[in-house]
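Biologist: Could we go through this model together? I would like to begin with the ligand and then turn to the helices.

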Amino acid sequence: MRLILDIAWTHISSRVRQTLVGLLGVAMGVGFSIMMAALMEGSQRDFVSELVDSLPHIKVSDERRSAPPQPAEVAYRALEVVGLSTPVIRPGIKNPYAIVSMLEAWIDGTVAPSVETRAIIRYAGRDTAASVIGIDPVREPKVSKLATQIREGTLADLHKASNAIILGDKLAAKIGARTGNSITLVAATGDLMTATVVALFHSGVAQADETQAYVLMKTAQILAGQIGLVNSIRVRADDIMGARDLATRIEAATGYKSVSWQEANEDLLSAFEIRNFIMFTVVGAILLVASFGTYNIISTITHEKTRDIAILKSLGFQERQVRRIFLLESLIIGVAGTLVGWALGYALCLALGSIEFKSPFMDVNRLPIYYTPKHYLLSASVALSASGIAGFLPARKAAQVQPVEIIRGAS
Amino acid sequence: MTGPASPQPLLEIRHATRIIDGEVPTTLVREVDLAILPGEFVSVTGPSGSGKSSLLYLLGLLDLPTVGEVLVAGEPTSGLDEDARAKIRLTHLGFVFQFHFLLPEFTALANVMLPMRALGKLDEDEQRARAMAILDQLGIAAHALKRPGQLSGGQRQRVAIARALANDPMVVLADEPTGNLDTASSEQVLQILRRLTDEQGRAIVFVTHDLSLAARADRQVRIVDGRIADGGPSRVDG
Ligand SMILES: Nc1ncnc2c1ncn2[C@@H]1O[C@H](COP(=O)(O)OP(=O)(O)OP(=O)(O)O)[C@@H](O)[C@H]1O
Ligand SMILES: [Mg+2]
């Protein structure tokens, strides 16, 4: 084996320029692949974590997955009732506090009830629709990032005024209201309520910042016209990725529709899968192209070295030993290229990660780069397999050289 | 069958014919019978294109006869696969080609060590010592660390002979080992080859155009048009 390594080494070390070109090809392939993977996975993780942070992991709502069985259906099995009109007033979750304490006792995570309703905010003669969410300021920080997203004032300020309200900063800007201003809320029933803006929040999700407002639960219940109403229970699970399973179990236990963040964002997550597929295809293609360089070098060497191969075989080298020589050469190029590529990829990630820029859509002002050994191992394994194939083809051809034909031809 | 006293041939070729397919099939060697006995010093002569090299390739298991059989130490080889034939070449046969055919990137010493390393019987120090001993025996130990490009034609040819001897083969097959050497160098090489048979009992078969060199062999084989015209088999059974 040492002998094979020696021979392989003399071949590539006497072709420094060609070897370097091939090595750089692999290195750039590996480097760019790592950079791209880090960027893709970084932005995906960034997005998912924003998503996960801004939304409850699981939301138990007062809806049911299927229409409740009607008395007639229960009585007559052949009967099916379809096209039932949905009630205008949301029914709310029955015994919400019993469910909250049951979930608290049972799951690993935190739970908070809330009241979702809609109202029109009237200020300075202008009307803007908003979704108003009634929360418990003590429990809320356990299930959402709202407390950290408050810009002016605090979550506890909800207790400081009767009918206190926290507006999204874009919503406040849209209606021209500031903290301390009094605004009018028009409930769905048409009743009017005067509320004081005590704080603003900025979640970074434009949709929420533009349309949402938070009040105390009892305020929301008054707006909805249903005293004691709780129509959603939000859960923050310790195991984020296990949210889907947990939601299924909660739904089975309570009978209420429980939607995990994964289910709520199914489209997005499947879009990510497609994106990942595209990424892997491109990465594979880059590395494949890089391996053409290696193929070229090894073929050139096998052509130039046909006479040497004939000598080795006439001396008694076996086909597989000759094959190994050239396979080894391409693997040396592949391994060296991979190592340089790792360094290049890491450097590119550092460089990209240090660039700052402003985006009108997001708060992020640095590219999200995700560092993981997985990317390095993955690119290495693809690069090495590609090098292996790139070396194997000419190596196999070289090994099949019939020494007598070369020797006859030379004399 | 000759008498029981007759020793077992090291190499034996029986009724061998080698035809190369092509647009016009060429017959390189026709119905050749030849046996090489231990310690023999055999010369092969013949006109250019008569099939001397071709015969040597068959004897050296580098080529396969289209018809016939080549035996090494009495064992037929036609049933062997390429790897097994390579193994026999490595352990029992030494080849010296008309053009030296050394690996250009390796020193003389490394070239001589090559077959030893491939065989892997000796450790590195032993290989080096043995290779140096052979180079010394051939009078080129001083050039051991030069590459082929830094050696003269005669020196290269001696390195090639040294390499052929690396694994202590029972037969050395040399195709015009003196072909491009001057008279003095040719003489030297011939003496080296002769000594190798005398001292170690191995057989040498060498092809040459120089009839005066050929005449100094124990046995002179003459080939004309792919057939052995003179100096034929020592013993061929079957
Ligand atoms: N690959 C080939 N295809 C067809 N014919 C060939 C081939 N190689 C050799 N020959 C022919 O086979 C015959 C024998 O060739 P060989 O090399 O054995 O002769 P030789 O006696 O060694 O000649 P020389 O003294 O010139 O070396 C020649 O007539 C040659 O033209
Ligand atoms: Mg010849």
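**Ligand and helix packing**

Modeller: An oxygen atom of ligand 1 is 2.5 Å from an N or O atom in the side chain of B:Ser48, where a polar contact is a pair of N or O atoms within 3.5 Å, and within protein one must be able to donate a hydrogen and the other to accept it, residues adjacent in sequence counting only if both atoms are side-chain atoms. This is a predicted model, in which local features need pLDDT of at least 70 and side-chain atom pairs count only at pLDDT 80 or more, while totals for chains, interfaces and linings use all residues. Residues are numbered from 1 along each chain as its sequence is written, chains are lettered from A and ligands numbered from 1 in the order in which they are written, and side-chain values use heavy atoms, with hydrogens and water left out.

Biologist: How far is the backbone N or O atom of B:Gly49 from an oxygen atom of ligand 1?

Modeller: That separation is 2.8 Å. For B:Gly51, a polar backbone atom is 3.0 Å from an oxygen atom of ligand 1.

Biologist: And between which chains does ligand 1 lie?

Modeller: Ligand 1 lies between chains A and B. There are 14 residues around it, of which B:Leu28, B:Ser48, B:Lys52, B:Ser53 and B:Ser54 come nearest; a residue is near if one of its heavy atoms lies within 4 Å.

Biologist: Changing topic: at what angle do helix 2 and helix 3 of chain B pack?

Modeller: Helix 2 (residues 82-92) and helix 3 (residues 108-119) of chain B pack at about 125°, with axes 10 Å apart. Helices are DSSP runs (H or I, at least four residues), numbered from the N terminus. Axes are lines fitted to C-alpha atoms over the stretch in contact, and angles run from 0 to 180 degrees between N-to-C directions.

Biologist: What orientation do helix 2 and helix 3 of chain B therefore have to each other?

Modeller: They are therefore oblique to each other. Angles under 35 degrees count as roughly parallel, over 145 as roughly antiparallel, 65 to 115 as roughly perpendicular and the rest as oblique.

Biologist: Which residues make the contact?

Modeller: B:Lys87, B:Leu90 and B:Thr91 of helix 2 of chain B meet B:Pro115, B:Ala118 and B:Leu119 of helix 3 of chain B, contact meaning heavy atoms within 4.5 Å.

Biologist: What about helix 3 and helix 5 of chain B?

Modeller: Their axes come within 8 Å and cross at roughly 25°, helix 5 spanning residues 153-164. That makes helix 3 of chain B roughly parallel to helix 5 of chain B.

Biologist: And in chain A, how do helix 14 and helix 15 pack?

Modeller: Helix 14 (residues 319-354) and helix 15 (residues 373-399) of chain A pack at about 155°, with axes 8 Å apart. That makes them roughly antiparallel.

Conventions
Helix = DSSP H or I, 4+ residues; strand = E, 2+ residues; numbered from the N terminus.
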